[in-house]
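Open the model in your viewer and keep the selection tool at hand. The stops below go from one region to another.

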Amino acid sequence: MKSTHLSLIAGAAVLAAITGFATVAAPGAPADTRAKPAGLLPVERSSLVCPAPGNSDLAETRYTSFTPAGEGGDAEGTAELKPALPVVDDDDADETDPKKVKKAEEAAKKAKEKADKPVLAVKEPGKPVVAEADGAGAPALVGTATGRLAPGWAAQQTTEVTAGGARGLLGVTCTAPDTDFWFPGASTAKSRQDYIHLTNPDDSGAVADIELYGPEGALKSDVGDGITVPARSSVALLLSTLTSEAVDQLTAHVTTRSGRIGAVVMSADDGVGSDWITASEDPSGTLVLPGIPADATSVQLVAFAPGEDDADVKIQLMGKNATFSPAGNATLHIKSSMTATVDLKDVTRDEPGSLRLSPVRKDRATPIVAALRVVRGKGDKQEVAYIPATGPVGARASVPDNQDKGSTLSLTAPGATAKVKVTASAGSEGGDPAVETYTVKAGTTLAVTPKAPDGLKGTYALTVETTSGGPVHASRTLARTEGGVQMFTVQTLHDDGGTVEVPTARQDLSVLDD
């Protein structure tokens, strides 16, 4: 009896497009006949989560969602972000009290109805969509993109708070759910209010663990294990409640025992405002932290070595014209499982820069994670933001929520000279895309003011594509002045993973004998 094998090959291609991995091989086929990467296909499904913006009644939040123009498969698809479900209070879930049961059921029904309605939905590639929410009740968002709207789907959440302890311009790129996150630069100090937000986009619950590491090693904590994040819900935990130790700069490590989540830290710092701390690039021997503003008045490097070995790294600033080591801080020793901090002060000295961390000895490239705490302004006019280590933009990366003024794009080439194409999308309410190309010289940082779309109305997205040369790392700074305070926030750009390699069978599998 004979049977066709076309469905197996088609199924493998679909699996690759959805998961990023698939292979095809005949049963019992030798290794040299197994599938090998042959080409690229656009992904067919993407997921994103955005944390709840915070608890300030003065907060004004803008959500922006965007899929870059390009090949996105045949299916039309959707790209929707919806409100996360509220976490049920234990008292409201008391099944012994009929009134509380009825109240909980009514609340759950209303929450479900609200969660089924998209806050914003992309209609077409190449044009962002925007939604706004005011006050402390703005929800966390979870969502999925499919079909032609999935490749490169990105979202940004920007919140402005003009007064109070949470004052600042807070920006965060909505993240893909994962199982492992590192946050150098978090804190349990009395002057800080750092909340870690855990958001679950899936239909089943997730369980997470949080570990904290200071300059002396792991902090004692009995409540950071086994944290339940209900299905399609978000929880926020004040880090200082997880331990009795007050530590100014520490590293938080979030992992999941089951399920997957998005994780990000909201940090409010007395006297210098607030912003989000996003996860560092996965542990690596060499890291790049792009986009330190030229007028930074204080830069602190926070690094952590998660393995069994200590790390000795070179600290280099890739400036406007060259790469050099900051005076007095050419190297840093990071003890295993301990957080190290270096005060680089006003290291950029009125020129844009990016930091590169690399092993002192190439044969001892101990993996590390790192982030920068950056302050602009002085006295009571200070404002803080964070820059985590990030990977290169790769083939393409996008960042939404740019306006006619206030955006700076920082590009750095830690290896060879590179060329990039930067596309400003159509505006959310009108305007034509604009394209510019830039050359980034090896070992330097190029800071540019993007050209806005012609006839711009609303906001637009920036898409960066590497066209030749070495890897490029990038970040986008949003800035605005309020009451004499130079508020700002920095988002790093990551390869959007819009395509995946798909296999080709080296053996004719169109017909198989049973």
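Predicted model: local features only at pLDDT ≥ 70, side-chain atom pairs only at ≥ 80, totals over all residues.

**Cores.** Select L301, L332, I334, L355 and L372. These residues have the most contacts inside the largest nonpolar core, which has 29 residues. Now centre on L355 and show its surroundings: leaving aside residues up to four places away in sequence, L355 touches L287, V288, L289, I292, L301, I315, Q316, L317, M318, L344 and L372. Next, move to F183, L250, A252 and I261, which belong to a second, separate core of 28 residues.

Then select W182 and F304. This pair is tilted, with centres 5.5 Å apart and 35 degrees between the planes. W182 is in strand β11 and F304 in strand β21, so the pair ties together parts 122 residues apart in sequence.

**Sheet.** Show the open sheet of four strands, ordered β16-β12-β18-β19 with antiparallel pairing. Which strands stand at the edges? They are β16 (234-238) and β19 (273-277); each has a single partner strand, so one side of each lacks a neighbour in the sheet. From one strand to the next, the twist averages 20 degrees. Zoom in on β12 (residues 192-199), which five bridges join to β16.

**Last stop.** Select R376 and F488: R376 lies over the face of F488, 5.1 Å from the ring centre.

Technical notes. Residues numbered from 1 in each chain as written. Heavy atoms only, no water. Core = buried A, V, L, I, M, F, W, Y, C linked by side-chain atoms within 4.5 Å. Buried < 20%, exposed > 50% of the residue type's maximum accessible area, 1.4 Å probe, protein only. Contact = heavy atoms within 4.5 Å. Pairing = 2+ DSSP bridges. Helix = DSSP H or I, 4+ residues; strand = E, 2+ residues; numbered from the N terminus. Axes fitted to C-alpha atoms, helices over the stretch in contact; angles between N-to-C directions. Phe/Tyr/Trp six-rings, centres within 6.5 Å; stacked < 30°, edge-to-face > 60°. Lys NZ or Arg CZ within 6 Å of the ring centre and 35° of its normal.
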